[in-house]
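User: I would like to learn how to read the sheet and the helix packing in a model. Could we go through one together?

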Amino acid sequence: FQEAGMRTTRDNREVVQACKVVFIATKPPVVKAALAGIRGEVTGDHLIVSIAAGITIATLEKALPVGAHVVRLMPNTACQVGEGAMVFARGRSTTPEEALLLQELLSHCGMCLEVPEPYIDIHTGMSGSGIAYAYMFAEALADGAVKMGMTRAVAGDIAAQTLLGAARMLLQTKAHPSQLKDDVSSPGGTTIYGIHELEKGNFRSTIINAVETATARASHLGKQKEGGERDRK
């Protein structure tokens with residue numbers, strides 16, 4: 001970070017003293033300790049943004065001075081390439097102008113939507129963790145192609161482009177996924193035969209179960225006491 005021209009410090013209080021927008025990016029069990037360390041420096045001019053899974057707005061507000069401006073944000077790792085899916089919810093004192101500022105700051109990282117707070121844990125299970133499910137699907141697509149004789153390098157690139165193309169079709173056409181699926185599924189064709197095999201393996205039910213389980217885990221993380229078990233997202 002220093003080589004990139006950024007100021008660094010080992011004292012969190014210095015960060016709050018120098019910055020108006022402060023991101024809390026710790027593991028959930030240590031959020032309370034991190035907030036306790038900066039509480040004395042936080043004023044009404046600060047916007048405190050937490051990306052810790054499961055940590056509620058109520059927890060953030062309780063740990064900071066009365067009237068603190070807080071946001072609960074959940075990104076995913078695709079932010080690294082500017083294609084992240086992010087959602088956030090505002091605390092009681094956070095203004096619409098601050099919400100717009102946050103969206104502007106994060107616009108370079110991908111899509112950023114304001115949502116009701118209950119959506120945050122759901123987003124964690126669907127997108128924060130779901131990007132790993134997408135990687136598994138891409139890997140499985142490539143493995144299938146390798147099994148049928150394609151080289152690993154070519155199969156990997158095609159699998160990634162297939163997911164990218166599908167995502168852009170969904171976002172740009174706004175069509176329902178089932179409609180786009182049906183558009184590809186010709187009567188008696190290869191796609192419907194492949195879909196039948198996926199259904200034999202409870203493809204959709206398994207994904208729904210994964211989202212449900214990961215969402216419940218995200219909610220559980222927020223209830224752990226400091227020093228509890230580590231996040232295994």
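**Domains, sheet and helix packing**

Analyst: In this predicted model, the centres of domain 1 and domain 2, taken over C-alpha atoms, are 36 Å apart. Domain 1 covers 2-116 and domain 2 covers 129-201.

User: What is the strand order of the open sheet?

Analyst: Its five strands run S1-S2-S3-S4-S5, and the pairing is mixed. S1 (21-24) and S5 (110-114) are the edge strands; each has a single partner strand, so one side of each has no neighbour in the sheet. From one strand to the next, the twist averages 25°.

User: In which sense do S4 and S5 pair?

Analyst: S4 (residues 84-90) pairs with S5 in the parallel sense, over five bridges. Within that pairing, Val-87 has Leu-113 of S5 as its bridge partner.

User: Which strands does H5 lie across?

Analyst: H5 (residues 118-128) lies across S3 (69-74) and S4, at about 170° to S4.

User: How should I read the packing of two helices?

Analyst: Two packed helices are described by the angle between their axes and by the distance between those axes. Here H5 packs with H10 (residues 203-221) at about 130°, and their axes are 7 Å apart. The two helices are therefore oblique to each other. Their crossing is right-handed.

User: Which residues meet where H5 and H10 pack?

Analyst: From H5 come Asp-121, Ile-122, Thr-124, Gly-125 and Met-126; from H10 come Val-211, Ala-214, Thr-215, Ala-218 and Ser-219. By class, the residues of this contact are five nonpolar, four polar and one charged.

How values were computed: Residues are numbered from 1 along each chain as its sequence is written. This is a predicted model: local features need pLDDT of at least 70, side-chain atom pairs count only at pLDDT 80 or more; totals for chains, interfaces and linings use all residues. Side-chain values use heavy atoms; hydrogens and water are left out. Domain bounds come from an automatic or database domain assignment. Two strands pair if DSSP finds at least two bridges between them. Helices (H or I, at least four residues) and strands (E, at least two) are DSSP runs, numbered from the N terminus. Axes are lines fitted to C-alpha atoms, for helices over the stretch in contact, and angles run from 0 to 180 degrees between N-to-C directions. Contact means heavy atoms within 4.5 Å. Angles under 35 degrees count as roughly parallel, over 145 as roughly antiparallel, 65 to 115 as roughly perpendicular and the rest as oblique. A crossing is left-handed if the near helix is turned anticlockwise from the far one by less than a right angle, and right-handed if clockwise. Ala, Val, Leu, Ile, Met, Phe, Trp, Tyr, Cys and Pro count as nonpolar, Asp, Glu, Lys and Arg as charged, and the others, Gly among them, as polar.
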